[in-house]
Amino acid sequence: MSQLRQISLDGLWYRNPALVQLLGLCPLLAVSNTLANSLGLGIVTLLVLTCSNLLVSSLRGWLDNSTRLPAQILVIATFVTCADILLQGFFYELHQRIGLFVALIVTNCTLLARAESFASRQPLRFAALDGLMMGLGFLLVLVLLGAVREALGQGTVFADMQLLFGESARAWKITLGDSGLLLAILPPGAFITFGCLIALRNWIDGRRLASQLPDDSSIVPVTGATTLPQTAEK
Amino acid sequence: MKFKAWWPSLQQPAVLRLALLAGCCGLLVSSINFVSIERISNNQRAYQNQQLLAVTGLAQATLTARDPATLIGGPAVQTSGPADASAFDISDDSGLRGHIVSLTSHAGYNGDIRLWLAFNPAGEILGVRVFAHQETPGLGDRIEPRIDDWILDFNGKSLANLETRQWQVQRDGGDFDQFSGATITPRAVVAAVHQGLLDYAQQQARQLDASAGVTP
């Protein structure tokens with residue numbers, strides 16, 4: 001049970017693929033100009049990651065070291081191609097917008113990293129949960145980035161949600177302002193917003209670590225991407 | 001694991017297993033492709049029809065593909081259309097409502113600008129839409145209707161109600177707004193639309209001549 005909890009927390013927070021491992025940034029930065037696009041790509045990535053983790057895990061006793069990596073790439077590419085075809089069949093307009101980056105999921109290092117470093121050595125249920133949680137961690141960052149950039153850049157939130165949820169979702173659009181900050185839509189805006197998100201995560205994590213320290217401690221713990229301020233807050 | 005029993009035996013060479021896996025993957029992809037292919041081509045057609053109807057401003061119409069050369073002239077005289085231009089006749093219950101043709105401008109700020117030009121048989125513009133461009137976001141991309149209403153200014157214009165001099169952006173002495181910071185993009189679009197109408201008028205005159213020649 002605690003391992004399931006640990007896997008979930010790793011994916012969502014401690015080892016979040018986007019904010020901590022900094023993997024899959026190409027689609028993350030390119031697609032996150034609106035919330036609808038972000039959510040679309042996030043969901044596809046989540047599904048592909050979970051499916052590929054499941055299959056890689058179930059094949060783990062069957063492949064040896066010489067064929068493991070090509071097999072993993074093959075599995076990932078297969079699921080990505082299927083997702084691409086299904087997206088064209090059922091969400092054609094969404095595919096017109098994010099199609100290029102759906103195909104590029106194959107090159108998203110998160111998927112191969114999870115397959116190789118986790119799923120290929122873990123039982124099915126752990127691998128499935130890991131795929132789900134890593135995918136969810138990626139999706140949440142993507143959606144947050146998309147929401148912030150859409151709000152800053154276009155002055156709207158939830159625009160074009162009908163691409164995902166059908167015509168009734170057209171009314172979900174909330175207009176915050178008339179015009180937006182162009183920078184937020186352009187690629188530099190993606191980098192700046194993403195940097196702020198990483199900073200925010202590190203700040204929260206720093207405070208969390210600080211609060212765990214005893215008052216008189218002079219030990220400064222250093223984890224993956226987190227550095228603690230020298231003066232721990234009390 | 002229970003399912004190990006029907007997994008092929010562990011003694012097989014690794015390459016054969018990889019090949020088997022590849023075969024299974026290929027089978028999965030092709031079967032998914034097989035069941036979706038018709039849906040996808042329907043979607044493509046519906047999407048294009050919807051895009052084209054949005055250009056014409058008509059709610060219901062039938063589009064029939066035709067040879068662009070018979071509409072705006074053959075490749076020799078045609079300056080505004082690319083080799084892969086396409087054209088459609090727009091008709092509804094009341095008959096022929098107009099034509100729609102794809103044009104390409106090489107005069108964009110950054111690469112070709114491709115657009116649909118829809119006009120009625122009299123040569124009056126029903127609508128113009130840019131469908132492919134790489135103009136600067138925030139400046140040149142105001143030719144897209146989701147960003148700016150500029151492209152709608154063409155509606156109702158024709159060679160009859162605007163003189164040649166007026167088919168320019170205001171900075172060049174014409175009737176069309178330029179964007180602050182981006183004159184090249186609107187200039188290219190205005191020139192392409194104007195050329196498209198000229199080509200259509202020329203082709204009409206040519207056909208008229210031809211039919212006049214046949215009937216004494």
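# Close-ups of a predicted two-chain model

**View 1. Chain B as a whole.** Chain B has 3 helices and 5 strands. There are 216 residues in chain B, and 39% of them count as buried. How far apart in sequence are the residues that touch in chain B? If you take contacts between residues at least 6 apart in sequence, 50% of them join residues at least 24 apart.

**View 2. A cluster of rings in chain B.** Zoom in on Trp150(B), Phe154(B), Trp167(B), Phe176(B) and Phe179(B), which ring pairs link into a cluster. Over all chains, a search of the whole structure turns up 9 aromatic pairs.

**View 3. A salt bridge in chain B.** Here Arg187(B) and Asp172(B) form a salt bridge, and their closest N and O atoms are 2.8 Å apart. Arg187(B) sits in helix H3 (residues 184-214) of chain B, while Asp172(B) sits in the loop between strand E5 (125-132) and H3; the pair links distant parts of the chain, 15 residues apart.

**View 4. Where chain A meets chain B.** The contact takes 28 residues from chain A and 26 residues from chain B. The area buried between the two chains is about 2,400 Å², and carbon and sulfur atoms give 77% of it. Look for Trp62(A), Ile85(A) and Tyr92(A): they supply 30% of the area that chain A buries against chain B, more than any other three residues. How many salt bridges does the rule find across the interface of chain A and chain B? The number is 0, but there are 4 residue pairs in polar contact across the interface. On the side of chain A that touches chain B, the elements giving two or more residues are helix H4 (65-90) and H5 of chain A. H4(A) gives the most to that side, with 15 residues.

**View 5. A partly exposed salt bridge in chain A.** Now find Arg97(A) and Asp160(A), whose side chains meet in a salt bridge at 2.7 Å, N to O. Arg97(A) lies in helix H5 (residues 92-103), and Asp160(A) lies in the loop between strand E1 (156-157) and helix H8 (162-165), so the pair ties together parts of chain A that are 63 residues apart in sequence. Arg97(A) is partly exposed, at 37% relative accessible area, and Asp160(A) is also partly exposed, at 26%.

View 6. Asn37(A) belongs to helix H3 (residues 35-58) of chain A. With 6% relative accessibility, Asn37(A) counts as buried, because the cut-off for buried is under 20%. What does Asn37(A) touch, leaving out residues up to four places away in sequence? Its contacts are Val31(A), Arg97(A) and Ile98(A).

**View 7. A buried salt bridge in chain A.** The side chains of Arg114(A) and Asp130(A) meet in a salt bridge at 2.9 Å, N to O. This pair links distant parts of the chain, with Arg114(A) in helix H6 (residues 109-117) and Asp130(A) in helix H7 (residues 124-154), 16 residues apart. Arg114(A) is buried, at 4% relative accessible area, and Asp130(A) is buried as well, at 2%.

**View 8. A salt-bridge network in chain A.** Arg68(A), Glu116(A) and Arg121(A) are linked in a network of salt bridges. Over all chains, the structure holds 10 salt bridges.

**View 9. Rings in chain A.** A pair of aromatic rings is described by the distance of the centres and the angle of the planes. For Phe165(A) and Trp172(A) that gives 5.2 Å centre to centre and 35° between the planes, a tilted pair. Phe165(A) is partly exposed, with a relative accessible area of 41%, and Trp172(A) counts as partly exposed at 40%. Elsewhere in the chain, Arg201(A) lies over the face of Trp13(A), 4.8 Å from the ring centre.

Note on methods: Residues are numbered from 1 along each chain as its sequence is written. Chains are lettered from A and ligands numbered from 1 in the order in which they are written. This is a predicted model: local features need pLDDT of at least 70, side-chain atom pairs count only at pLDDT 80 or more; totals for chains, interfaces and linings use all residues. Side-chain values use heavy atoms; hydrogens and water are left out. Rings of Phe, Tyr and Trp (its six-membered ring) pair if their centres lie within 6.5 Å; planes under 30 degrees apart count as stacked, over 60 as edge-to-face and the rest as tilted. Buried means under 20% relative accessible area, exposed over 50%, partly exposed in between (1.4 Å probe, protein chains only). A charge sits over a ring if NZ of Lys or CZ of Arg is within 6 Å of the ring centre and within 35 degrees of the ring normal. A salt bridge is a side-chain nitrogen of Lys or Arg within 4 Å of a carboxyl oxygen of Asp or Glu. Helices (H or I, at least four residues) and strands (E, at least two) are DSSP runs, numbered from the N terminus. Contact means heavy atoms within 4.5 Å. Buried area is the accessible area (1.4 Å probe) that two parts lose on being put together, summed over both. A polar contact is a pair of N or O atoms within 3.5 Å; within protein, one must be able to donate a hydrogen and the other to accept it, and residues adjacent in sequence count only if both atoms are side-chain atoms.
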